[in-house]
Amino acid sequence: MKRSELLNGFEDVFGYPGESVFFSPGRINLIGEHTDYNGGKVFPCAITMGTYGVVKKRNDNEVHAFSGNFPEVGLLSFSLSDIEYKKEDNWTNYVKGMIKYIQEKTHPLEHGFDLYIYGTIPNGASLSSSASLELLTGVIVKSLYNLSISQLELVKLGMRTENEFLGLNSGILDQFAIGMAEKGKAMLLDTNTLEFEQVPVDLPEHKIIIMNSMTRRELVDSEYNTRRRQCEEALAQLQEVVSVDSLGELTEEAFEEHKQVIDDEVLMRRARHAVYESIRTEKAAQALKEGDLETFGQYMNDSHVSLHEDYEVTIKETNLLPHLAWDQEGTIGARMTGGGFGGCCIAIVENEQVDSFINNVGESYEKEIGHPAEFYIAETEDGTKEWVEND
Ligand code: GLA
């Protein structure tokens, strides 16, 4: 994306030049899915696909916002004195939520701003376009008004926006990955303590391929909230016999010893996924640190099977892609990534096999599903920040 294109986009909409440019990445989660609201481990990295924003302060207290991706939606505006959720405010609800909570945390903003955004993350692809926009807003507002608020606070307010403003009871994975990332690294994050370690993702002989199923099921949010509730119920039953605050604290042995107290087979499987996935994530990150990519890939595959069988968050399309990937020469591992019910899968593939991988998986997928998948090579990226001229 060119800076000049973004600045032109701003000027076309607002009729005067924009001032500063910001970038907020998307994310992939290498492993550790549906563990973040269970006090478990996650292992995401930020990617170069993301959301750009051009801004300039206004003199009144309004925010005017335009997305180059949705020109048909037109210019959306709201006043800083009225920042409640409104369906018709469309994508600016994420902006509103962030502003609302930042004001609560700091002080009321004196002026609004004009905002032009352009995103390169495909919509509904489970690559966190919403968290990307939340952090973009946070970093913009912090910079425009010189607020003393840390990046970690913004990460937490992003999650609060999702939970309280939008009603999705998600964990902190997406906002943390996007806000705290370092290029060339993935973060092994303990969602219980928020302690984390930046682990180099140094794969000179491999590529991480994102496979977009180009499918999204309806009711994703309600299914997501249901999974979270099921884990909470399973935890409550386990807490009658074992003293833990979250599923992420259980060892495999402790879970196997006590799982019979869970009175429902579905709840037991949900909890089993959460417990094993968190442990798997820690072991996988360790394998990567030791340069043992084969073992890392095996954990990715195990993660996928668990998400399919125990957690049931795959759909036909996102279960097919890893299976096709596993059949290809040069595949180290493959799994769905993100919340599930559609969206993207990822695979680690040997450099020389990337072209044939994309051809073969793409062809078989289209034959079976009836529409094509999309493929992107993932590149890691830094967390949300201002894009200064000489970058
Ligand atoms: C979505 C949520 C995250 C996380 C993942 C599953 O991306 O926003 O908090 O729960 O699903 O790992």
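Are tyrosine 52 and tryptophan 387 buried or exposed? In this predicted model, tyrosine 52 turns out to be buried, and tryptophan 387 is buried too.

These two residues also belong to the aromatic pairs, of which a search through the whole structure picks up eleven. The ring centres of tyrosine 52 and tryptophan 387 sit 5.7 Å apart with the planes at 50°, so this pair goes down as tilted. Tyrosine 52 comes from strand β2 (residues 41–57), while tryptophan 387 is in the segment after β12 (385–386), so the pair ties together parts that are 335 residues apart in sequence.

Elsewhere, ring pairs join Phe10, Phe14 and Tyr16 into a cluster.

Then there are the helices. Helix α9 (residues 293–309) packs with helix α10 (residues 316–326) at an angle of about 150°, the axes being 11 Å apart. Since angles over 145 degrees count as roughly antiparallel, that is how α9 and α10 run relative to each other. Their crossing is left-handed. On the α9 side, the contact is made by Asn301, His304, Val305 and His308; α10 puts in Thr318, Asn319, Pro322 and Trp326. Sorted by class, the contact has five polar residues, three nonpolar ones and no charged ones.

Conventions. Residues numbered from 1 in each chain as written. Predicted model: local features only at pLDDT ≥ 70, side-chain atom pairs only at ≥ 80, totals over all residues. Heavy atoms only, no water. Axes fitted to C-alpha atoms, helices over the stretch in contact; angles between N-to-C directions. Helix = DSSP H or I, 4+ residues; strand = E, 2+ residues; numbered from the N terminus. Parallel < 35°, antiparallel > 145°, perpendicular 65-115°, else oblique. Left-handed = near helix turned anticlockwise from the far one by under 90°. Contact = heavy atoms within 4.5 Å. Nonpolar A, V, L, I, M, F, W, Y, C, P; charged D, E, K, R; others polar. Phe/Tyr/Trp six-rings, centres within 6.5 Å; stacked < 30°, edge-to-face > 60°. Buried < 20%, exposed > 50% of the residue type's maximum accessible area, 1.4 Å probe, protein only.
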